[in-house]
Amino acid sequence: MTSKTISTTVHGYNFAASNTNLTITATGKVTGSSATGSSAIYGGPTRAGETILNLGTVSDAAYLYGVVLQDGATITNGSATDTVASISASQVGIKISGLAGTITNFGSIGGAQKGIVLSAG
């Protein structure tokens, strides 16, 4: 299991390996980047087992998605004591496809079309 912590502003995050834990601290922010396609955070179809704990901000006003994970995932946005965490994008906040995903939300998740899309349940 690989772990990555983001505590500053990062322009795009692309999961490089399966089974990666990503933590975005309260001071962390991930914004969109052309390097991650149409999202701020991207995990491709061969990147199963990703886990995201967002205590900060994931924002992608210029691209379609805040988070795109194409092989299932577990995402926790905020915590019982941190309700200011946010994931947002111009169209869809979170899109999980390929395998089933789990989302636990204590903060806010939004997009102009939908907050969350779970294509595989």
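Q: What makes the backbone nitrogen of Val 84 and the side chain of Asp 82 a polar contact?
A: The model is predicted, and the distance is computed from its atoms. The backbone nitrogen of Val 84 lies 3.2 Å from a polar atom of the Asp 82 side chain. The cut-off is 3.5 Å between N or O atoms. The pair therefore counts as a polar contact.

Q: Why is Asp 82 called buried?
A: Its relative accessible area is 13%. Buried means under 20%, so Asp 82 qualifies.

Q: Where does Asp 82 lie, and which residues does Asp 82 touch?
A: Asp 82 lies in the loop between strand 10 and strand 11 (86-89). Leaving out residues up to four places away in sequence, Asp 82 touches Leu 55 and Phe 106. Asn 54 is 28 residues from Asp 82 in sequence, and their C-alpha atoms are 9.9 Å apart in space.

Q: Why is Asp 71 called buried?
A: The relative accessible area of Asp 71 is 16%. The limit is 20%, so Asp 71 counts as buried. Asp 71 sits in the loop between strand 9 (65-69) and strand 10 (73-77). Beyond four places in sequence, Asp 71 touches residues including Gly 44, Arg 47, Ser 97 and Leu 99.

Q: Why is Thr 9 called neither buried nor exposed?
A: Thr 9 has a relative accessible area of 47%. Buried needs under 20%, and exposed needs over 50%. Thr 9 is therefore partly exposed. Thr 9 belongs to strand 2 (residues 9-11). Thr 9 and Ile 24 are 15 residues apart in sequence and 9.8 Å apart in space, C-alpha to C-alpha.

Q: What makes Tyr 13 and Phe 15 an aromatic pair, and why edge-to-face?
A: Their ring centres are 5.1 Å apart, and the cut-off for a pair is 6.5 Å. The angle between the planes is 85°, and edge-to-face needs over 60 degrees. Both tests are passed, so the pair is edge-to-face. The structure holds 1 aromatic pair.

Q: Are Tyr 13 and Phe 15 buried or exposed, and how do you know?
A: The relative accessible area of Tyr 13 is 13%. Phe 15 has 2% relative accessibility. The limit for buried is under 20%, so both residues are buried.

Q: How do you know that strand 9 pairs with strand 6 and strand 12?
A: Pairing requires at least two bridges. Strand 6 (residues 39-43) and strand 9 are joined by 4 bridges and run parallel. Strand 9 and strand 12 (residues 92-96) are also joined by 4 bridges, again parallel. Both therefore count as pairs. Val 68 in strand 9 stands opposite Tyr 42. In strand 12, the bridge partner of Val 68 is Lys 95.

Q: What makes strand 3 (13-14) and strand 15 (114-118) edge strands?
A: The open sheet has 5 strands in the order 3-6-9-12-15, with parallel pairing. Strand 3 and strand 15 each pair on one side only. Lys 95 stands opposite Val 117 in strand 15.

Q: What makes strand 9 mostly covered?
A: Of its 5 residues, 5 are buried.

Q: Which residues touch the most other members of the largest nonpolar core?
A: Leu 22, Ile 41, Ile 52, Val 67 and Ile 75 do, in a core of 18 residues. Strand 4 (20-24), strand 6, strand 9, strand 10 and strand 12 each supply at least two residues of this core.

Q: How do you know that the radius of gyration agrees with a compact globule?
A: For 121 residues, a compact globule would have a radius of gyration near 14 Å. The protein has 12 Å, which agrees. The C-alpha atoms fill a box of roughly 35 × 30 × 30 Å along the principal axes. Buried residues make up 38% of the 121 residues.

Q: How many helices and strands are there?
A: The protein has 0 helices and 15 strands.

How values were computed. Residues numbered from 1 in each chain as written. Predicted model: local features only at pLDDT ≥ 70, side-chain atom pairs only at ≥ 80, totals over all residues. Heavy atoms only, no water. Buried < 20%, exposed > 50% of the residue type's maximum accessible area, 1.4 Å probe, protein only. Contact = heavy atoms within 4.5 Å. Core = buried A, V, L, I, M, F, W, Y, C linked by side-chain atoms within 4.5 Å. Polar contact = N/O pair within 3.5 Å; in protein donor to acceptor, adjacent residues only side chain to side chain. Phe/Tyr/Trp six-rings, centres within 6.5 Å; stacked < 30°, edge-to-face > 60°. Rg over C-alpha atoms; globule rule 2.2 N^0.38 Å.
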